[in-house]
Amino acid sequence: MTWPVSDRSWTARTRWSSARRGLSASAGFTYSGERFEKYFGDFIGKYGFHDMYSGGFYPFETLEEHWAYWSRYIYINRYLDAPKPVYSTLLKLVQDRDYFVLTTNVDHCFQKAGFDKHRLFYTQGDYGLWQCSRPCHSKTYDNEEAVRAMLAQQNSMKIPGELVPHCPVCGAPMSMNLRADGSFVEDSGWHKAARRYEEFLRRHEEMRVLFLELGVGGNTPGIIKYPFWRMTYQNPRAVYACVNLGEAWAPKEIAERSVCIDGDIGETLECL
Ligand SMILES: [Zn+2]
């Protein structure tokens, strides 16, 4: 039995997951409320932001302020651990099986929980990577050290000017490696993972496969949901399962080979 597992949650606004209701939300990575207020009180006071995610799109006047906001955002969502062990629960369920994870999440939680990185495809980027904003070349850069410095040295909602990151090749400002528009850089790691995923699908084409969809919303379903439905339909030995609060359903063509659970992902996985 094979387990391609996935997680995705969408908003209409971008093509990377904000973790609003998916696997990471279930793990406690919430983007509003207490967690947002604790780290962004000054920004909320100045701009009236309602949640961390929409604040990330605000056109700040200076890059110093932009990176003061984003360094906090990256730090708490990428470099702090998730409050609840949902990812490790999932890993325990799949680790002895031939699994592959396709995700639009960008918060690195699968790697942090110990998933084999050769069995992961992060389609939409990673909070931990920067790229050239133009972009003049297709390479990404690990940002942990720089983000920690920004966090430590910011003052009155601004980082020092010398910490503003620039492209080492052309000098343009760096930007997040997140798929929001056509400037998203697919680096060599991205392409290798894409090939591994294709290869995994080829190897399991006519085998018993469980397409397990976790927390994928309905706004832009083209990466995980629709392909999972299609592949389940094409392979009579495949089963489709989905866990989603409020949006768990499958088309009638595959209904008899589908399991749809309307519930919290963490609580559901604990029951397995
Ligand atoms: Zn550049």
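Ground rules, quickly. The model is predicted, so local features need pLDDT of at least 70 and side-chain atom pairs count only at pLDDT 80 or more, while totals for chains, interfaces and linings use all residues. Residues are numbered from 1 along each chain as its sequence is written, and side-chain values use heavy atoms, with hydrogens and water left out.

Let me start with the zinc ion. Its protein donors are Cys-132, Cys-136, Cys-167 and Cys-170, each through SG, lying 2.3 Å from the ion. A donor here is an N, O or S atom within 2.8 Å of the metal, or 3.2 Å for Na, K and Ca; water is not among the atoms, so sites may look incomplete. What is the geometry of the site? Tetrahedral, with angles of 105 to 118 degrees among the four donor atoms. The cut-off for that label with four donors is all angles between 85 and 135 degrees. Along the chain, the donors follow the spacing C-x3-C-x30-C-x2-C. Cys-136 sits in the loop between β4 (125-132) and β5 (141-142), and Cys-167 in the loop between α7 (144-153) and β6 (174-178); this pair links distant parts of the chain, 31 residues apart. Helices and strands are DSSP runs numbered from the N terminus: H or I with at least four residues for helices, E with at least two for strands. Cys-136 is partly exposed at 35% relative accessible area. Cys-167 is buried at 5%. The cut-offs: buried is under 20%, exposed is over 50%, partly exposed is in between, with a 1.4 Å probe and protein chains only.

Next, salt bridges. That means a side-chain nitrogen of Lys or Arg within 4 Å of a carboxyl oxygen of Asp or Glu. How many does the structure hold? There are 12.

One of them joins Asp-42 and Arg-72, 2.8 Å from N to O. Asp-42 is in helix α2 (residues 34-47) and Arg-72 in helix α4 (residues 63-79), so the pair ties together parts 30 residues apart in sequence. Asp-42 is partly exposed at 32%. Arg-72 is buried at 10%.

Now Glu-213 and Lys-225. Their closest N and O atoms are 2.7 Å apart. Glu-213 lies in strand β7 (residues 210-214) and Lys-225 in helix α9 (residues 225-234), so this bridge ties together parts 12 residues apart in sequence. Buried or exposed? Glu-213 is buried, at 1%. Lys-225 is also buried, at 4%.

Then Arg-203 and Asp-98, at 3.6 Å. The pair ties together parts 105 residues apart in sequence, since Arg-203 is in helix α8 (residues 188-203) and Asp-98 in strand β2 (residues 98-103). Arg-203 is partly exposed at 45%. Asp-98 is partly exposed at 23%.

Last, packing. α2 and α4 pack at about 165 degrees, axes 10 Å apart. Axes are lines fitted to C-alpha atoms, for helices over the stretch in contact, and angles run from 0 to 180 degrees between N-to-C directions. α2 and α4 are therefore roughly antiparallel. The axes of α4 and α7 come within 9 Å and cross at roughly 120 degrees. That makes α4 oblique to α7. The classes: under 35 degrees is roughly parallel, over 145 roughly antiparallel, 65 to 115 roughly perpendicular, the rest oblique.

Technical notes. Four donors count as tetrahedral if all angles lie between 85 and 135 degrees; four count as square planar and six as octahedral if opposite donors are over 155 degrees apart and all others between 65 and 115; anything else is irregular.
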